[in-house]
Amino acid sequence: MNSLAKITAQGSYVPEKIMDNQDFEEIVETSDEWIQQRTGIVERRITKEDEYTSDISYKAVLDLQEKYQVDLSDVDMIINATLTPDYKTPSVASYVQAKIGLTKAGAIDINAACAGFTYGLNLANGLITSGQNKKILVIGAETLSKITDYTDRSTCILFGDGAGAFLVEYSEDETSFIASSAGSDGDKGHNLYCSELSEEMFSDDLENPGYIVQNGRGVYKWAVGNVPKVINETLEKTDYNIEDLDWFVPHSANARMIESICEKSGIEKEKALMSLRYYGNTSSATIPLSMDLAMKENKLKKGDLILLVGFGGGLAYASTLIKWTI
């Protein structure tokens, strides 16, 4: 089925507080040079104690609304991708719906960790193309600082907070979505987790209950080995090839990882858009933040062919090939 959905606006929000690499030198055994060489991260943003995922999601929507002067009163669905909701229930999306003042919009959260935003976009495309919805807000937002163990030097240097939002609308004449792929290697989920209600799955090696635990080498190996396959799988559904891509937007987990993925895929590393240098790893927010930065830097132009690939906890992945329509 051909898509009937178009991306019409985008926005972002990052907290005011900056935590740079020098700050970590005061709390764990590390250095700015060590962090930059291994991750490419210089600094990240941290939410206030009373600032939560619903707050920064809403602020990203306000930024979208202000930049594009769009009417959101007829939005009929909100999809919020996050692994750090304010509560188990109600959903973050419900809080955003209330803050905007929408009375007839559905609201759901999805948790696919770092792949969440691309899952959300593909879900929005499906709902609109099927005729169920006409106008959907897709938000990726995380307050990872609230589940980060700042005594664990292997993970605390990585994560930051932030939010990004896209508006996806029904359109017959011009559409954004071309092809997508999704999947998960659930048997490798122990490489990246945050425990809560159940400890059974990871009972043999459970660490730091309530905090993010990551086997960095395991995730790195999996991503470099599998993301190039996802790229090829997505492009094989179309008439396009690697050389046709104007931009590649992977989950901004680690600059060295992305360089390896580009090399293995045959994508010029200059085409990779990232948000990690100044925002760190913001999980489901990295891709919309990367694109927001690219818009601010006047890199993106209407008609650009862009491949988005989210991957991470699960270990889940999702891709979407789009024509930029803003």
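1. K301 is exposed, at a relative accessible area of 53%. Its salt-bridge partner is D304, with the closest N and O atoms 3.1 Å apart. D304 itself is buried, at 2% relative accessibility. This is a predicted model, and the distances here should be read with that in mind.

2. A second pair joins K59 and E51, where the closest N and O atoms are 3.3 Å apart. K59 is partly exposed, with a relative accessible area of 32%, whereas E51 is buried at 6%.

3. The side chains of K135 and D74 also form a salt bridge, at 2.8 Å from N to O. This pair connects distant parts of the chain: K135 belongs to strand β6 (residues 135-143), D74 to the loop between α3 (53-68) and β4 (77-81), and 61 residues separate them. Here the lysine, K135, is buried, with 8% relative accessibility. D74 is partly exposed at 44%.

4. Beyond such pairs, a network of salt bridges links D63, K67, D292 and K296. The count for the model comes to 11 salt bridges.

5. Which residues of helix α4 (residues 92-100) are buried? They are V92, A93, V96 and Q97. They lie on the same side of α4, because the arc they cover around the axis is only 140 degrees. After α4 comes G101, which has a positive phi near 90 degrees.

6. The largest nonpolar core has 41 residues, and those that touch the most other members are I231, F248, I261, V309 and F311. At least two residues come from each of α6 (216-235), α7 (255-265), β12 (305-312) and β13 (316-323). The largest contribution is that of α6, with eight residues. In soluble globular proteins, nonpolar side chains tend to be buried together.

7. What does I231 touch, leaving aside its neighbours within four places in sequence? The contacts of I231 are I242, F248, I261, S265, I267, L307 and V309.

8. An open sheet is built from four strands in the order β8-β13-β12-β11, with mixed pairing. The edges are β8 (177-184) and β11 (247-250); each has a single partner strand, so one side of each has no neighbour in the sheet. On average, neighbouring strands of this sheet are turned by 10 degrees against each other, direction ignored.

9. Within this sheet, β12 and β13 run antiparallel and are joined by eight bridges.

10. Two peptide bonds deserve a look. The bond between T89 and P90 is cis, with omega about 5 degrees, and P90 is in the loop between β4 and α4. The bond between G314 and L315 is also cis, with omega about -10 degrees; L315 lies in the loop between β12 and β13. For context, most residues other than glycine have a negative phi, and most peptide bonds are trans.

11. Positive phi values occur in residues other than glycine as well. For Q69, phi is near 50 degrees, and the residue lies in the loop between α3 and β4. Phi of S283 is near 50 degrees too; S283 is in the loop between α8 (276-279) and α9 (286-296). Is each of these two residues buried or exposed? Q69 is exposed, at 65% relative accessibility, whereas S283 is buried, at 2%.

Key: Residues are numbered from 1 along each chain as its sequence is written. This is a predicted model: local features need pLDDT of at least 70, side-chain atom pairs count only at pLDDT 80 or more; totals for chains, interfaces and linings use all residues. Side-chain values use heavy atoms; hydrogens and water are left out. A salt bridge is a side-chain nitrogen of Lys or Arg within 4 Å of a carboxyl oxygen of Asp or Glu. Buried means under 20% relative accessible area, exposed over 50%, partly exposed in between (1.4 Å probe, protein chains only). The arc is that of the directions from the helix axis to the C-beta atoms. A nonpolar core is a set of buried Ala, Val, Leu, Ile, Met, Phe, Trp, Tyr and Cys residues joined through side-chain atoms within 4.5 Å. Contact means heavy atoms within 4.5 Å. Two strands pair if DSSP finds at least two bridges between them. Axes are lines fitted to C-alpha atoms, for helices over the stretch in contact, and angles run from 0 to 180 degrees between N-to-C directions.
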